[in-house]
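Please load the model into your viewer and keep the selection panel handy. We will go from one stop to the next, with a short note on what is there.

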Amino acid sequence: MLINQFLLLGALLFCMGVYGVLTRKNAVMVLLSIELILNSVNINLLAFDAMNGGSDGNVFALYIIAVAAAEVGVGLAMVLLIYRNRKSISLDDLSEMKG
Amino acid sequence: MFAEEAAGEAAHAAAGWFLEHAWLIPVIPAVAFFLIIFFGKKMPKGGSEIGILSMVASLVIAAGTAYQWIDWSHHSEEPIIKSITWWQSGGLKFGIGQHIDGLAVMALLLVSFISTLVQIYSTEYVRGDRRYTHFFASLTLFSAGMLSMVLAPNMVQFILGWEIMGLCSFMLIGHWWEEEANSKAALKAFFTVRTGDMGLLVGTAMLLAIFGTLDIGGEGGINSLVANGEFDSKNMLMWAAIALFIACIGKSGQFPLHTWLPDAMAGPTPVSSLLHSSTMVVAGVFLVARLYPVFHTGLDINIAGQHFNFVAVIGGITILIAAALAFVQNDIKKVLAYSTVSQLGYMMMGLGVGAWMPAVFHIFTHAFFKCCLFLCAGSIAHTGSHHSFDMKTDMGGLRKKMPITFWTWIVSTLALCGVPFFSGFFSKDEIIDSAKHNHYTVFGIIGLIGAFMTAAYMTRATYLTFFGKARGGAAHFVDGHEDHSHDAAADEVHHDIDGLDTHLHPVHAAHDDHGHGDIQHGKPLPFAPSDSPWQITVPLIILGVLAIFSGYLNAAPFKWHYFEHWLESSMGLPFGEEPGMIPEPPTFSWVAAAPSIILVALGITLSWLISKKVFGEEKNGLQGLTQRNALLGAGHKFLVNKYYLDALYEGVIVKAIAHPIANAAYWVNQHVLDGIVNAVGIGGRRTGEWVYRNVDQRVVDGAVNGSGATARGAGGVLQPVQSGKVSMYGALLFGAAAVGALVLVLVNS
Amino acid sequence: MVLASDIQVAQNIGFGIIAVMMILAGVGVIASRNVVHAALSLVVVMAGAAAQYVLLKAEFVAVTQVLVYIGAVMVLFLFGVMLTRAQLGKDADLNNKNAAIAAPVALLLFGVLAYVLIDGFADEKISATTGAGATPQDTAVISDLIFKPYLLPFWALSFVLLAAVIGAIVLARKD
């Protein structure tokens with residue numbers, strides 16, 4: 001198997017995730033797309049591991065999974081908070097940063 | 001000896017087709033689930049036909065398996081184990097397959113049979129529901145989960161089936177999630193059971209650590225290792241058994257995790273029936289029966305020279321507590337729910353006191369009559385009481401109009417109470433008898449008291465439902481005229497009924513909106529002239545017949561022990577008097593059975609008389625007693641509030657654990673972090689002021705003034721970019737990164 | 001020289017099928033108009049990723065992926081969907097009007113990445129001894145790595161998780 005199979009798959013998923021993050025309005029959907037990005041990174045790490053015959057990438061893939069879990073927890077808590085305050089989780093309504 | 005073994009070998013080679021292919025039983029509904037999900041909506045009957053067909057197919061195979069097992073059990077005690085490895089990691093193999101023995105065959109037959117009937121029943125009960133297809137998909141997957149659990153050859157597959165059931169029960173209990181109470185009940189069931197499920201994972205991991213295998217039965221399986229005493233530390237085994245038992249407590253609704261079961265009544269009635277008779281709640285009992293050596297040896301507690309089993313303690317407590325709660329319920333389904341909890345207590349107690357066979361037999365008989373009772377309750381609500389389950393406001397006097405429902409209810413109630421010659425008698429009495437025989441005298445007495453209470457609360461429920469004066473919804477149904485005590489919607493209902501005599505349904509569209517406690521959405525209100533349609537009554541009749549006759553498979557009074565013979569190889573422990581063995585079962589005598597029969601008779605009579613006084617028509621001193629007498633009132637309140645366990649879980653535990661953490665975090669946030677932020681802020685302001693005075697004012701100003709005009713122009717161009725929209729900023733970020741990377745690539749190549 | 005054992009037909013076919021499935025499901029995640037469908041598509045992507053990990057002989061990560069992602073994170077997402085009362089059917093108002101910007105950005109990004117990868121790793125293979133076809137990876141090696149050279153990141157991660165738990169409670173509680 002070529003390593004590029006896996007790397008290209010990862011790159012494609014990454015770009016899909018980016019597209020999703022940019023086009024989605026619903027905050028939960030944005031978080032879903034971010035998961036897509038994180039997964040693509042994991043595929044890369046493990047592919048490099050398999051190429052080099054090490055196990056370090058495995059360790060970091062595990063760390064990424066843990067970080068992702070934390071991120072989803074906090075992210076969804078924030079979404080809930082926003083929902084409670086505004087009765088909407090549309091990111092377009094959050095434009096306090098308007099300059 | 002050798003000849004016998006050789007015969008066994010030969011027989012093994014010739015195990016019938018059904019025994020070899022029993023793994024198909026859960027596979028068929030699992031496949032059907034996907035078919036329903038993907039194609040169900042396009043089918044003429046919304047996918048229900050696939051569900052029913054798959055359950056019938058499973059039932060046929062299960063019946064074939066049972067038939068061949070009966071044959072098999074005459075000459076062999078070996079289970080038929082087949083397994084393929086689907087995963088291995090670090091020398092550990094995970095298999096999936098089948099482990100067919102008497103216990104598994106019994107459960108397979110039971111589950112596929114009850115599931116088939118419940119699905120047929122559901123075609124009428126949830127007709128026209130907005131999530132009809134999803135309902136059948138979940139039901140089918142639920143059965144698949146239970147079926148794959150009961151024939152699990154190892155703990156991993158067991159957990160798989162167990163968790164599938166947990167998920168499906170969440171979906172089914174919350175089927176009508178538009179109402180907040182229902183979705184709350186679903187969440188409560190899910191979380192309570194999950195609390196216990198942690199125990200299953202921990203316990204399984206500990207079993208793996210102790211025995212180095214996850215296989216349940218067969219040579220070198222967990223059961224035989226425990227039975228032969230091949231483990232290092234009894235303490236470890238005890239902790240593993242405790243962890244597993246916590247899972248059983250959660251799943252089977254034993255004290256103190258029983259609080260989710262009555263709330264689970266929020267689901268459609270067929271779901272309650274399936275959950276409470278043969279599947280979900282039985283799973284915990286099944287686990288104890290399946291890994292019986294582990295529990296029997298591991299939870300054997302020795303205090304002051306007195307051996308007793310912890311399983312029996314929990315079972316005994318549950319019997320009494322749940323039976324007491326059943327007295328104060330007004331919702332007919334909740335009475336049945338607490339009754340289930342109490343009957344599960346009997347099973348647990350039976351397993352605890354060493355009466356494996358009667359306990360498993362009680363699973364078998366209980367499934368039929370409890371399923372029948374729930375379906376009766378559904379039939380009443382569907383046809384007789386205006387979709388309400390409240391016995392006090394919407395039922396009464398229904399026996400004439402709904403004869404089939406009435407008679408099947410009566411038969412099942414008698415079976416549940418343990419009246420002689422109905423099925424419940426043969427199993428329940430055997431449990432009580434064994435408890436006494438095995439020196440668990442206290443538990444024998446608890447069993448007797450439980451039998452008395454069961455008889456009493458079921459009589460109360462029967463009286464409220466079928467006798468006396470028709471009230472509320474039932475009054476419309478029975479008399480066809482308006483009831484005076486009814487709610488504001490009564491007038492509208494009245495009009496509808498006037499319309500009904502000439503023509504049926506269309507006027508009922510507005511009906512579902514007005515408020516009865518448990519009104520169920522999405523269904524037309526039939527107002528059938530008499531009993532429910534055939535899809536409902538046929539399952540009732542079948543179950544009613546079985547509620548009488550299923551007990552005769554193991555009728556001790558007549559020395560009929562077929563059931564025992566088919567199942568005894570699953571027990572995993574030999575008979576004997578030594579520790580770690582099961583005491584021989586007692587021989588039946590009418591003298592020993594007499595106390596329980598007398599108590600049941602007494603319970604029925606007393607409860608009948610009191611019910612007539614309290615709920616009957618003529619006024620008397622017993623009515624409203626709980627309001628007048630402080631002590632009784634307090635007891636009543638204590639029971640109505642379910643011993644305040646929910647308050648304990650939600651108020652005390654959540655407050656004591658979750659809130660201090662949150663408060664501490666808040667405090668840190670307010671004091672520490674704010675302090676740092678403030679300090680940084682003050683420092684920053686000082687720096688800023690200095691920079692402002694010395695750099696900005698004197699040096700930069702001049703330069704800026706010159707470029708001001710330019711900046712204003714650029715700002716005007718860039719202002720749309722500062723839209724405040726996060727996604728826009730993100731697009732710019734990623735775009736810039738891509739362009740930057742492109743530049744780097746181009747420069748470097 | 002290309003050895004027959006280096007081609008690994010079965011693994012390549014498996015990779016292809018799973019990859020196509022993942023990409024289709026990925027499109028579902030970013031394009032579906034139904035929140036629940038998008039979440040379920042993500043489950044497929046994650047399950048596919050777990051399968052790819054198995055092909056890469058990272059069984060332990062694959063199992064963790066299934067347990068943590070599919071088991072826990074997805075349940076969290078579904079709760080998030082429910083608690084925010086997202087519309088459960090089709091939702092026309094799910095996307096903003098940035099597709100015109102997002103699509104070029106994503107395409108540009110993919111173009112750059114693909115060019116770099118093809119340029120950099122042209123025909124490098126995952127060797128048969130370490131890659132697919134070798135013995136399963138020993139989980140003990142990973143645990144040795146975590147608790148010896150990578151202990152510090154592990155601690156840091158523990159703090160991150162703790163902070164996340166507390167933070168989530170503080171944010172989501174009602175007071």
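This is a predicted model: local features need pLDDT of at least 70, side-chain atom pairs count only at pLDDT 80 or more; totals for chains, interfaces and linings use all residues.

**Stop 1: chain A against chain C**

Start by selecting chain A and chain C, and show the residues that touch. The contact draws 68 residues from chain A and 84 residues from chain C. Together the two chains bury about 6900 Å², with carbon and sulfur atoms giving 75% of that area. Now pick out A:Met1, A:Arg24 and A:Tyr63: within chain A, these lose the most area to chain C, and together they make up 11% of what that side buries.

What kinds of polar links cross here? Between chain A and chain C the count of salt bridges is 0, while 9 residue pairs are in polar contact across the interface, both partners being at pLDDT 80 or more.

Next, colour the helices of chain A. Helix H1 (3-23), helix H2 (27-52) and helix H3 (56-86) each supply at least two residues of the side of chain A that touches chain C. Which of the helices gives the most to that side? Select H3(A): with 24 residues, H3(A) is the top contributor to the side of chain A facing chain C. If you colour that side by residue type, you will find 49 nonpolar, 13 polar and 6 charged residues.

**Stop 2: the largest cavity**

The structure holds 5 cavities of 30 Å³ or more, and the largest cavity has about 160 Å³ of space. To centre your view on the largest cavity, select B:Ala355, B:Met357, B:Pro358, B:Phe575 and B:Pro585, which lie nearest its centre among the 17 residues of the lining.

H17(B) gives the most, with 3 residues. By type, the lining of the largest cavity divides into 10 nonpolar, 4 polar and 3 charged residues.

**Stop 3: a salt bridge in chain B**

Over all chains, a search of the whole structure finds 4 salt bridges. For one of them, select B:Glu20 and B:Lys82, whose closest N and O atoms are 3.3 Å apart. B:Glu20 sits in helix H2 (residues 17-20) of chain B and B:Lys82 in strand S1 (residues 80-89) of chain B, so this pair ties together parts that are 62 residues apart in sequence.

Key
Residues are numbered from 1 along each chain as its sequence is written. Chains are lettered from A and ligands numbered from 1 in the order in which they are written. Side-chain values use heavy atoms; hydrogens and water are left out. Contact means heavy atoms within 4.5 Å. Buried area is the accessible area (1.4 Å probe) that two parts lose on being put together, summed over both. A salt bridge is a side-chain nitrogen of Lys or Arg within 4 Å of a carboxyl oxygen of Asp or Glu. A polar contact is a pair of N or O atoms within 3.5 Å; within protein, one must be able to donate a hydrogen and the other to accept it, and residues adjacent in sequence count only if both atoms are side-chain atoms. Helices (H or I, at least four residues) and strands (E, at least two) are DSSP runs, numbered from the N terminus. Ala, Val, Leu, Ile, Met, Phe, Trp, Tyr, Cys and Pro count as nonpolar, Asp, Glu, Lys and Arg as charged, and the others, Gly among them, as polar. On a 1 Å grid over the protein atoms alone, a cavity is a set of points where a 1.4 Å probe fits but cannot get out, and a pocket is an open set with protein on both sides within 12 Å along at least five of seven lines; lining residues have an atom within 4 Å of a point. Grid points are joined across faces, edges and corners, and a volume is the space filled by probe spheres set on the points.
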